[in-house]
Amino acid sequence: MSAASALELHEVSKRYGEQQAVQSLSLCLAPGEIYALLGPNGAGKSTTINLILGFVAADSGRIAVGGIDVTRDALGARARLAYLPETVMLHPSFDAIENLRYFALLGGRRIDAAQARQLLAEAGLQADAHTRRAEGFSKGMRQKVGVAIALAKRAELLLLDEPTSGLDAAAANDLSRCLRAAAARGIAVLMATHDLFRVTEVADRLGLLRGGRLVLQRDTAALNPAQIETLYLQQLAA
Ligand SMILES: Nc1ncnc2c1ncn2[C@@H]1O[C@H](COP(=O)(O)OP(=O)(O)OP(=O)(O)O)[C@@H](O)[C@H]1O
């Protein structure tokens with residue numbers, strides 16, 4: 001496996017009983033690349049993310065994060081990535097700066113308040129929210145703190161599952177900007193999503209999963225949302 005890839009999956013398969021959740025999946029993300037994983041419910045998107053996180057073990061195939069094999073060194077691989085779940089859990093009574101410093105420390109990095117402010121600003125969190133307690137934070141604000149944590153950790157890979165579900169248009173647009181900023185710093189981003197509109201806005205490449213198989217891959221540069229939808233529906237009907 002190439003150490004230059006932020007993420008590499010080679011012929012990865014995972015079965016749950018009779019259900020083939022992921023089948024012979026091969027995928028490679030370069031540093032700074034944003035990849036959108038599309039597919040209908042049950043296509044295998046979350047399973048793919050859980051395999052990369054090492055939460056579930058592949059039946060066969062290999063996965064490497066920053067060249068570190070997930071099976072051989074799960075902790076080493078996890079140290080190189082950051083995962084944003086649907087709701088980023090923060091310490092409710094800490095403000096954004098305290099949360100960032102706390103989680104950065106858990107991730108092995110000590111940062112001061114000025115660095116925390118800088119990272120939160122890069123992730124797009126407004127300055128007046130930096131010293132507010134996190135208990136009142138919206139989903140979008142939590143995600144920004146989550147991205148700032150990934151930046152603080154110097155993660156090479158950011159994984160997101162349905163990041164725009166439940167976000168209003170402004171917050172989703174904000175998140176796109178935030179992911180672009182992370183990618184500009186060399187972080188590769190893999191996001192599972194149903195949001196075809198955001199795919200053209202934020203992703204460099206898309207992959208469509210169907211029944212656990214990658215049935216289509218495209219650069220998004222030349223595609224608009226309507227074209228993506230057409231490709232998507234054609235593949236599902238095939
Ligand atoms: N823990 C599990 N036990 C048994 N079957 C599972 C488990 N997790 C996923 N599956 C099955 O594996 C297949 C892929 O599921 P997965 O959750 O990865 O799809 P998905 O693309 O993320 O779907 P959604 O868009 O609904 O989140 C489905 O058939 C699902 O029922």
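Take the contacts in the protein chain between residues at least 6 apart in sequence (C-beta atoms, placed from the backbone, within 7 Å): 70% of them join residues at least 24 apart. This is a predicted model, where local features need pLDDT of at least 70, side-chain atom pairs count only at pLDDT 80 or more, and totals for chains, interfaces and linings use all residues. Residues are numbered from 1 along each chain as its sequence is written.

**Overall fold**
- The protein chain has eight helices and ten strands, which are DSSP runs numbered from the N terminus (H or I, at least four residues, for helices; E, at least two, for strands).
- A compact globule of 238 residues would have a radius of gyration (over C-alpha atoms; 2.2 Å times the number of residues to the power 0.38) near 18 Å, and the protein chain agrees at 18 Å.
- Along its principal axes, the C-alpha trace spans about 50 × 40 × 30 Å.

**Annotated domain**
- UniProt, in an unreviewed entry, puts "domain: ABC transporter" at residues 7–236; such annotations may be inferred rather than shown by experiment.
- That stretch, residues 7–236, is 37% helix and 27% strand, with its end C-alpha atoms 26 Å apart.

Technical notes:
Two residues are in contact if their C-beta atoms, placed from the backbone, lie within 7 Å.
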